[in-house]
Amino acid sequence: LDACCTVIYFPLEGEDNDGFQVSRTVDYDGEHMQKFVYLNTAKPLEKQIFAAGHELGHLWNVADIIWNAQLEKQFPRKENEEAAMNRFSAELLMPEKTFYQSASSLLKSYQTADGKIKIIDGIRVIASLMNEFCVPDHAIVRRLYETKCLSRESCINCASPDPTRHIQKHMRKLFIKY
């Protein structure tokens, strides 16, 4: 990201935005544009990293590549550019093969004799994968489904109704607050 733009780290408490980019003139004659990416340091590190990957997708014009590949009919650009950047960030930060190997190994280590995993152990798996790949919980849950490590139903149970609150609720039971 640093090679493509100037990265500015800023804390904005209570702001929903994890990061964004802008282009501004950096000289008096207005001929030289500089790109800036702002990352909200008030957010957890995994959200900052995911936002950095998302913004890198914008800087690399990943959306142009997707829609130039004749995918416009399947994915209308206007409605899906942000989703495409999130997808790019997920692919960049959690390569399928690497993610599958880590996730399946962790899941197997927690499987009971009947092949099931307790909810608390599923949360441990998600937390461990969040730590390994440094991405938000909802990205992990989605990737578990995409790689067929977990069923759709299991992922919905992990993510419902609000994945962050659901997992944080269970995390508070596991860890002592200082």
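1. Gln48 touches Leu39, Asn40, Thr41 and Lys43, leaving out residues up to four places away in sequence. Touching, or contact, means heavy atoms within 4.5 Å. A polar atom of the Gln48 side chain lies 2.8 Å from the backbone oxygen of Lys43.

2. This is a predicted model, in which local features need pLDDT of at least 70 and side-chain atom pairs count only at pLDDT 80 or more, while totals for chains, interfaces and linings use all residues. Residues are numbered from 1 along each chain as its sequence is written, and side-chain values use heavy atoms, with hydrogens and water left out.

3. Is Gln48 buried or exposed? Gln48 is buried, because its relative accessible area is 11%. Buried means under 20% relative accessible area, exposed over 50%, partly exposed in between (1.4 Å probe, protein chains only). Gln48 sits in helix α1 (residues 45–59). Helices (H or I, at least four residues) and strands (E, at least two) are DSSP runs, numbered from the N terminus.

4. Now the sheet. It is open and mixed, with 3 strands in the order β1-β3-β2. Its edge strands, β1 (6–10) and β2 (19–25), each pair on one side only. Two strands pair if DSSP finds at least two bridges between them. β1 pairs with β3 (residues 33–40) in the parallel sense, over 5 bridges. Ile8 has Tyr38 of β3 as its bridge partner. The C-alpha atoms of Tyr38 and Gln48 are separated by 9.7 Å.

5. Ser102 belongs to helix α4 (residues 96–110). Ser102 counts as buried because its relative accessibility is 17%. Beyond its neighbours within four places in sequence, Ser102 contacts Leu129, Glu132 and Phe133.

Technical notes:
A polar contact is a pair of N or O atoms within 3.5 Å; within protein, one must be able to donate a hydrogen and the other to accept it, and residues adjacent in sequence count only if both atoms are side-chain atoms.
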